[in-house]
Amino acid sequence: MSSNKKYTLDRIEEGMYVFGESPEEMNQLVLPTTTFDVTVEEGDIVCITFDGIKYHLEVFKEETLEKHKKVSALLEKLKNKSN
């Protein structure tokens, strides 16, 4: 049975990836950094598929970039409000 879900990489801690399940990121998935053959960075939005044997990961580069832009714009707006 295959299951796939969207996650955001919250942090890398002691050789483990800590993902938050989208959209609320309340549920976490913790996997060893050796699980995937691709490079994943904090803040990346990914789809993780488990086929019953192995985990597979796809990085949503465009979606991650858009989220970073939105966060940066919000931070800039907050900085401008405080001045």
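User: In which helix does V71 lie?

Analyst: In this model, which is a predicted one, V71 lies in helix α1, the element that covers residues 61-82.

User: Why is V71 called partly exposed?

Analyst: Buried would require under 20% relative accessible area and exposed would require over 50%; V71 has a relative accessibility of 41%, and therefore V71 counts as partly exposed.

User: What makes the nonpolar surface patch?

Analyst: The patch is made by V71, L75 and L78, and its area comes to about 280 Å². A residue needs over 30% relative accessible area to take part in a patch, and V71 has 41%.

User: How many helices and strands does the protein have, and in what order do the elements run?

Analyst: The secondary structure consists of 1 helix and 5 strands, and from the N terminus the order is β-β-β-β-β-α.

User: Why is the protein called more spread out than a compact globule?

Analyst: For 83 residues the globule rule gives 12 Å, whereas the radius of gyration of the protein is 15 Å, well over that value, so the protein is described as more spread out than a compact globule. The C-alpha trace spans about 55 × 25 × 25 Å along its principal axes.

Notes: Residues are numbered from 1 along each chain as its sequence is written. This is a predicted model: local features need pLDDT of at least 70, side-chain atom pairs count only at pLDDT 80 or more; totals for chains, interfaces and linings use all residues. Side-chain values use heavy atoms; hydrogens and water are left out. Patches are made of residues with over 30% relative accessible area and no salt bridge: like charges are joined within 9 Å, nonpolar side chains (Val, Leu, Ile, Met, Phe, Trp, Tyr) within 5 Å. Accessible areas come from the Shrake-Rupley method with a 1.4 Å probe; for residues, only the protein chains shown count as cover. A salt bridge is a side-chain nitrogen of Lys or Arg within 4 Å of a carboxyl oxygen of Asp or Glu. Helices (H or I, at least four residues) and strands (E, at least two) are DSSP runs, numbered from the N terminus. Buried means under 20% relative accessible area, exposed over 50%, partly exposed in between (1.4 Å probe, protein chains only). The radius of gyration is taken over C-alpha atoms; the globule rule is 2.2 Å times the number of residues to the power 0.38.
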